[in-house]
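Please open the structure in a viewer and keep the selection panel at hand. The stops below proceed from the whole to individual residues.

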Amino acid sequence: MSDPQEVRFRGGGFAPTARRGVGLVVFVLLIALAEWGTQSGWITPLTLPKPSDVLATFGELWQSGLLAKHLVPSLTRLVVGAALGVSIGMSVGVLIGLFSYVRAGLVPLVAALFPIPKIALLPLFVIWFGIDEGSKYALIAFGTFTPTVVATYGAVDNVDRSLIRMGQSFGLSWWSIVRKIVLPGAMPGILSGLRISLAIAIILLVAAEMLGAEYGIGAYILQAGSLYDLERLFAGVVTLSLLGVVVSTLIGLIEKRMLRWRA
Amino acid sequence: MDIRLEGISHSYGDTEVLRDISLEVTSGQIICLVGPSGCGKSTLLRLLGGLERPAAGRVLQLGRPPEGCLNPLTYVFQDFALLPWRTVRGNISLVLEDHGIRGADAEAIIADVLARTRLSDFAQALPRQLSGGMKQRVAIARALVVNPAVMLLDEPLSALDAQTRELLMDDLVSLWTRAPFTAVYVTHNLAEAVRLGHKIAVLSRRPGQIREVVEISKPLKTRGHGDPELDAVQKHLWELMREEAKAADEELLDV
């Protein structure tokens, strides 16, 4: 008989766990690399602005009050447009999930609307809703509507049927079943759809502002771009990234609160 | 309130699952339905409580449900069917809310049923924190809280391990002894059937027909392990089912 051998460990992996601070380290490293490259002249100022200069520009923007002037209209558009799109999208999604005729009628329509680049419709929206805020709200609402519908009816489809059967067997009313069983059961799917919808909302916000707005992050970026003022361009882009992070964190918090039961 | 099944037949597409079943569910008694897998016993239970419509025949309620009964025909499911986002208390209050029972009234009723099922300490727990046996006790508490005229139990102990099953059977026996309830109990476990059933209806393989109804007169409380009388009944039931179960098993293979 040969020598005893220890059994080789083969399990493990495939189970990502939370690692605090790693994301931050990646950011810091990338920025440090850019700073070092631009300082040493290895990266030309035309290729990439110095991160420190971008920071300085950002500071100026903040102090002069211009940041608020651009950010407030942008946030208003985002909130109004996304709230419209998400609430209508969720209602339509639930209706598609619950009623065969609504499903048969609307699923093909949603499939037809989904791939349209919403930006291409902006001129049309300008005619329908006016050159002012109306067309921007409509663009963002329309852009968030379709992904929300698809995520919502998928989530409603995935609600455990045995729970619905249970509700019926206890004589719960139709409305109670929808409110207390279908909606909470669909919530995980709806919230993960919301992440995608809101990212799309930010993209469309900038697009709408680039096509016609005096104030707004998009307008600010467009001005800076046409002047080849890279510092200001990047300051605007960083603002957008921060906006994305904030939105994603907010959804994370909502998920944590509403989906505590999953853990 | 009694329930009478009159000539129930049912099929899914071309597959005939139940053929001409007539049965009487007497109040205050537990009737067990046993049969090989796929014989349609769970289907029969869904027909009994109105979750499905029979292709032929009728399910009749005889007499009125007793006073204070919120949901005459109440199920206990094999997979518990608890809402994972509600606490134990929330899962029980769910079935009261629709009857307009809220606030202090609901609190009192829920506290009482939690005490009866020995769940008082777990009122605020979420289903994911509970073991399988505890979950099924919550489901039983939820069924009891609506004062059912007839409880319809669909293999309630089949998802549980053997020890938990024993404990829950004791719980069911003591619940019944304190306040006799009417129940239809579907199971494929003959030991459960002879322990809990006043009457045991044996179904044949698909299409399910009633082969025999066995009555056990011994009181539930006095039934225990290794009881020769029960063992004899269980043996008799197994002999009835043996060929059927074997045939049913082979039938599934050539589908």
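The model on display is a predicted one. Begin by selecting the boundary between the two chains, where 17 residues of chain B are in contact with 16 residues of chain A. On the chain B side, strand S5 (73–76) and helix H2 (88–97) each supply at least two of the residues that touch chain A. By class, this side of chain B comprises 11 nonpolar, 3 polar and 3 charged residues.

**Chain B as a whole**

Next, hide chain A and display chain B as a cartoon. Chain B contains 7 helices and 9 strands. Its radius of gyration is 18 Å, close to the 18 Å that the globule rule gives for 255 residues, so chain B is as compact as a globular protein of that length. Along the principal axes, the C-alpha atoms of chain B fill a box of roughly 55 × 40 × 35 Å. Of the 255 residues of chain B, 41% count as buried. Among the contacts in chain B with a separation of 6 or more, 76% involve residues 24 or more positions apart.

**The two domains of chain B**

Colour residues 2–66 and 151–253 as domain 1 of chain B, and residues 81–148 as domain 2 of chain B. The C-alpha centres of these two domains lie 26 Å apart. Their contact takes 8 residues from domain 1 of chain B and 6 residues from domain 2 of chain B. Which helix gives the most to the domain 1 side of this contact? Select helix H5 (residues 162–178) of chain B, which contributes 4 residues there. The side of domain 1 of chain B that touches domain 2 of chain B has 6 nonpolar, 1 polar and 1 charged residues.

In soluble globular proteins, nonpolar side chains tend to be buried together. Bring chain A back into view for this stop. The largest nonpolar core has 119 residues, of which A:Ile140, B:Val34 and B:Val184 touch the most other members. Domain 1 (2–66 + 151–253) and domain 2 (81–148) of chain B both give residues to this core, so the core lies between them.

Now centre the view on B:Val184. Leaving aside residues up to four places away in sequence, B:Val184 touches B:Val25, B:Ile31, B:Leu33, B:Leu45, B:Leu48, B:Val150, B:Leu152 and B:Leu153.

**Strand S8 of chain B and its partners**

From this list, keep B:Leu33 selected. The bridge partner of B:Leu33 in strand S8 of chain B is B:Ala201. Strand S3 (residues 30–34) of chain B pairs with S8(B) in the parallel sense over 4 bridges.

Is strand S8 (residues 199–203) of chain B largely enclosed or largely open? Of its 5 residues, 4 are buried, so S8(B) is largely enclosed by the rest of the structure. Strand S9 (residues 210–215) of chain B runs antiparallel to S8(B), and 5 bridges join the two. In S9(B), B:Val213 stands opposite B:Ala201.

**A last stop in chain A**

Finally, select A:Ile116, in the loop between helix H4 (100–113) and helix H5 (122–129) of chain A. Is A:Ile116 buried or exposed? A:Ile116 is exposed, because 12 other C-beta atoms lie within 10 Å.

Note on methods:
Residues are numbered from 1 along each chain as its sequence is written. Chains are lettered from A and ligands numbered from 1 in the order in which they are written. This is a predicted model: local features need pLDDT of at least 70, side-chain atom pairs count only at pLDDT 80 or more; totals for chains, interfaces and linings use all residues. Two residues are in contact if their C-beta atoms, placed from the backbone, lie within 7 Å. Ala, Val, Leu, Ile, Met, Phe, Trp, Tyr, Cys and Pro count as nonpolar, Asp, Glu, Lys and Arg as charged, and the others, Gly among them, as polar. Domain bounds come from an automatic or database domain assignment. A nonpolar core is a set of buried Ala, Val, Leu, Ile, Met, Phe, Trp, Tyr and Cys residues joined through C-beta atoms within 7 Å. A residue is buried if 20 or more other C-beta atoms lie within 10 Å of its own, exposed if 12 or fewer, and partly exposed in between; C-beta atoms are placed from the backbone. Two strands pair if DSSP finds at least two bridges between them. The radius of gyration is taken over C-alpha atoms; the globule rule is 2.2 Å times the number of residues to the power 0.38.
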